[in-house]
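Take a moment with the sequence and the fold before reading on.

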Amino acid sequence: MELPISNDHPILGQAVGVYRERPAPRPLARHFSRTWFHALPSGVVRRSAIVPDGCSDLIWSGGTLRIAGPDRTAKIEQLPPGATVIGLRFQPGALAAWLGVPASELVGARVRLEHFWGAEARRIGDWVSEGHSPAEVAARLETAMAHRAAGMKDRSEWAAAIFRLVEGRTPFDGQLIDRLVGETGASERTLRRRCHEAFGFGPKTLDRILRFQRFIRLARDVGQAGLAGIAFEAGYSDQAHLTRETRELAGFTPASVVAQLTF
């Protein structure tokens, strides 16, 4: 199957190289959901489109530690061929506690960790980079963050609950804001403020992104002939709705997403 994208156009990050992940170790599980590895292929440099997923990450690449803030739309990145990227994915709502700033200040941002932790971040980055393999680099990163986590407050249970409610809501089950207000007992204004602090954007944007991620998961298992069914199962009103949202959030058509993920 030939990808419908030429070499001078970005390709989905999930479709470039080899990606794998594992649950974060127990000492980090309150703060990070998983550790992930992304090995890029050697050869031609390709621009990757990193699509929004409602999350933020602490990333090691090329000896540098960076924070990848939450994204509203696809972020285009270009890394050297053969590079390996290792990340720790923050639990929903944990970013603000670790960095001391609301997530809304980091939307779409890629910032060196030393911007927040100064010399400590440089020291940690140097030590982590002494690992002789991706597995050892990841182990060192987990160890360093486990030491930091020992004195860190737990993530907001309120933020975790909101994320679960939005992620797991049944498609077409009523007005999102009304349901969240009813479930949390917070006013609509408070709900929006807390969502911006925890996730970087309001509940409706979070809902759009998590619905798109449901489409991504479904797209891995079916062919293009099933797009109408995928749209319904993911929670879109129809296939045209899926097409609009996919173009706005990722910059691709749904058919292109399916083709890349099943190539």
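Contact here means heavy atoms within 4.5 Å. This is a predicted model, in which local features need pLDDT of at least 70 and side-chain atom pairs count only at pLDDT 80 or more, while totals for chains, interfaces and linings use all residues. Residues are numbered from 1 along each chain as its sequence is written, and side-chain values use heavy atoms, with hydrogens and water left out.

Start with Phe37. Which residues does Phe37 touch, not counting those up to four places away in sequence? Its partners are Val18, Tyr19, Arg20, Arg22, Val85, Ile86, Pro134, Ala135 and Ala138. Phe37 lies in strand 3, residues 32–39. Strands (E, at least two residues) and helices (H or I, at least four) are DSSP runs, numbered from the N terminus. Is Phe37 buried or exposed? Buried means under 20% relative accessible area, exposed means over 50%, and partly exposed lies in between (1.4 Å probe, protein chains only). Phe37 has a relative accessible area of 5%, so Phe37 is buried. Now look from Phe37 to Lys204. The two are 167 residues apart in sequence and 30 Å apart in space, C-alpha to C-alpha.

Next, find helix 8, residues 203–219. We will follow its packing against other helices. Axes are lines fitted to C-alpha atoms, for helices over the stretch in contact, and angles run from 0 to 180 degrees between N-to-C directions. Angles under 35 degrees count as roughly parallel, over 145 as roughly antiparallel, 65 to 115 as roughly perpendicular, and the rest as oblique.

Take helix 5, residues 157–168. Its axis is 9 Å from that of helix 8, and the two pack at an angle of about 55°. Helix 5 and helix 8 are therefore oblique to each other. Their crossing is right-handed. Phe163, Val166 and Glu167 of helix 5 meet Leu206, Asp207, Leu210 and Arg214 of helix 8. By class, this contact has 4 nonpolar, no polar and 3 charged residues. Ala, Val, Leu, Ile, Met, Phe, Trp, Tyr, Cys and Pro count as nonpolar; Asp, Glu, Lys and Arg count as charged; the others, Gly among them, are polar.

Move on to helix 9, residues 227–234. The axes of helix 8 and helix 9 come within 9 Å and cross at roughly 140°. That makes helix 8 oblique to helix 9. Arg211, Arg214, Phe215, Leu218 and Ala219 of helix 8 touch Leu227, Ile230, Glu233 and Ala234 of helix 9. The classes here are 6 nonpolar, no polar and 3 charged.

Helix 11 covers residues 254–261. The axes of helix 8 and helix 11 come within 9 Å and cross at roughly 45°. Helix 8 is thus oblique to helix 11. The contact joins Phe215, Ile216 and Ala219 of helix 8 to Pro254, Val257, Val258 and Leu261 of helix 11. It holds 7 nonpolar, no polar and no charged residues.

Last come the cysteines. A disulfide is a covalent bond between the sulfur atoms of two cysteines. The rule used here asks for a pair of cysteine sulfur atoms within 2.5 Å. How many disulfides does this rule give? The count is 0. Cys55 is buried, at 16% relative accessibility. Cys195 is buried, at 0%.

Definitions and conventions:
Left-handed = near helix turned anticlockwise from the far one by under 90°.
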